[in-house]
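Me: Let us go through the surroundings of the ligand in this entry, one question at a time.

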Amino acid sequence: MYHFIVNPVSRSGKGLILWQKKIEPILKKKNIPYRVEYTKQRGDTTELCRKISASAKNEDNCIIVALGGDGTVNDAVQGIEDFENTTFSFIPTGSGNDFAKDMKISKNVKKTLKKILSAKKYAEALKKFKDQPATTEDGTLFKIYANIGTPEEAAVALEHGADGIGLFRTEFLFMNALQEFKRETGAFSNSLSEEAQFEAYKKVLQIMGDKPVTIRTLDAGGDKLIDSGDMPLFEEKNPLMGLRAIRLSLYYSPQIFRAQLRALYRASVYGNLRILLPLITDVSQVETALGIARGVQLSLKEDNIPFNPDVPIGIMIETAAAAVCSDCLAPHSKFFSLGTNDLTQYTLCVDRENTTVAPLYNEFNLAVLRLIKTTITNAEEHNVPVSVCGEMAGNKESVIILAGMGIRNLSMAPKKIPVIKEMLSRFSISELKNLSNRSLF
Ligand code: PEP
Ligand code: MG
């Protein structure tokens, strides 16, 4: 959806004229859906952008186009919270800045409109891919799954043509529920209850029917802090190297881990569940987690609660340790899921949230690619299915490399699904292999 922000009270007054005379008539004529908001005073732009970009996650394509001077750009950019899901474009209109020469204005308007029209054509072309299986030009089949953070997003995943859920990040469930609890009562709560989790997991499984649903156990800590009564915030000098994910579950709060596994097993009778363990660095962690899972199964049996004892338990490969030793981890894992975000962060020693070192964060770095390749080779040798669920899975350039290396399962933000299906359809598998091979030297 295109969101236009027009400032009718600008000094030059050009924004409104441009909007009314040139832009809106074309959008109407070409049947391009849009929303327009008019600012009333300075500062409105920031607030409007904040409002629009907050809803961006739920939109296929959130594009904000602001009409105004360079002050407007500054105001607008400050309001954009969700840069990942929002595209920002700007049509300069003011008279007291670099952009203001009339010729340039009209050129920019033309350029922006051209972009909008071709984006519309592309969006229409993508629609047909939503309901088609993902295949290369020569018929190699791929499975394209969705990453979600709430049960409600499962429906969005289906709408975008997902073959299943490749990653349900359950930490958001915890964070949202606890925040709500705190807002309503002003008090801390203990962790999200087994019952509340059961309902959430059951909901996702029911929405997805017989399609696979991979639910990851709590990946809290690091940059995703959960401030609850039984999981206080820790003072850690290097939280990303600290008590996060499976470490928190095994070494600090096994009671929370057990409650989560109980909820998962109870929900398992409602669909096609798979359980995923985050931030594994060695075999003993997997063995301990599997031991706890067996204990949970016994307790459910004693309580006469039905569950599926064969739910596959797999692991995230998102540390160099796991990738290098993926041959040792394979016999203990029913599947691998490559978390390329953390794999990149930890391999290159670059905090993925730290903007000062952002240029060093490079998923195409040879070290990262070699670790991915090692994992795929080991997975193939041990007959362990492998997928990718980090950002690389939803990026066209990196999918070329991953597919060429042998990846056939990808999990990504729902709205990326048709984009990746369309891209794969334009290549043969040998083209993908050739392109990929070049990146490994
Ligand atoms: C990853 O690390 O690539 C991943 C998918 O996990 P998260 O982004 O939730 O850390
Ligand atoms: Mg991760």
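Reply: The shell around ligand 1 divides into three nonpolar, four polar and seven charged residues, where Ala, Val, Leu, Ile, Met, Phe, Trp, Tyr, Cys and Pro count as nonpolar, Asp, Glu, Lys and Arg as charged, and the others, Gly among them, as polar. This is a predicted model, in which local features need pLDDT of at least 70, side-chain atom pairs count only at pLDDT 80 or more, and totals for chains, interfaces and linings use all residues. Residues are numbered from 1 along each chain as its sequence is written, chains are lettered from A and ligands numbered from 1 in the order in which they are written, and side-chain values use heavy atoms, with hydrogens and water left out.

Me: Which residues come nearest to ligand 1?
Reply: A residue is near a molecule if one of its heavy atoms lies within 4 Å of it. Of the 14 residues around ligand 1, those that come nearest are Arg169, Arg216, Gly339, Asn341 and Arg352.

Me: Which residue has a side-chain N or O atom 2.7 Å from an oxygen atom of ligand 1?
Reply: A polar contact is a pair of N or O atoms within 3.5 Å. Backbone N or O atoms lie 3.1 Å from a ligand 1 oxygen in the case of Thr340 and 2.9 Å in the case of Asp342. The side chain that places an N or O atom 2.7 Å from an oxygen of ligand 1 belongs to Arg352.

Me: Which element gives the largest share of the shell around ligand 1?
Reply: Helices (H or I, at least four residues) and strands (E, at least two) are DSSP runs, numbered from the N terminus. Two or more shell residues come from β7 (165-169) and from α13 (340-348). The largest share, three residues, comes from α13.

Technical notes: Polar contact = N/O pair within 3.5 Å; in protein donor to acceptor, adjacent residues only side chain to side chain.
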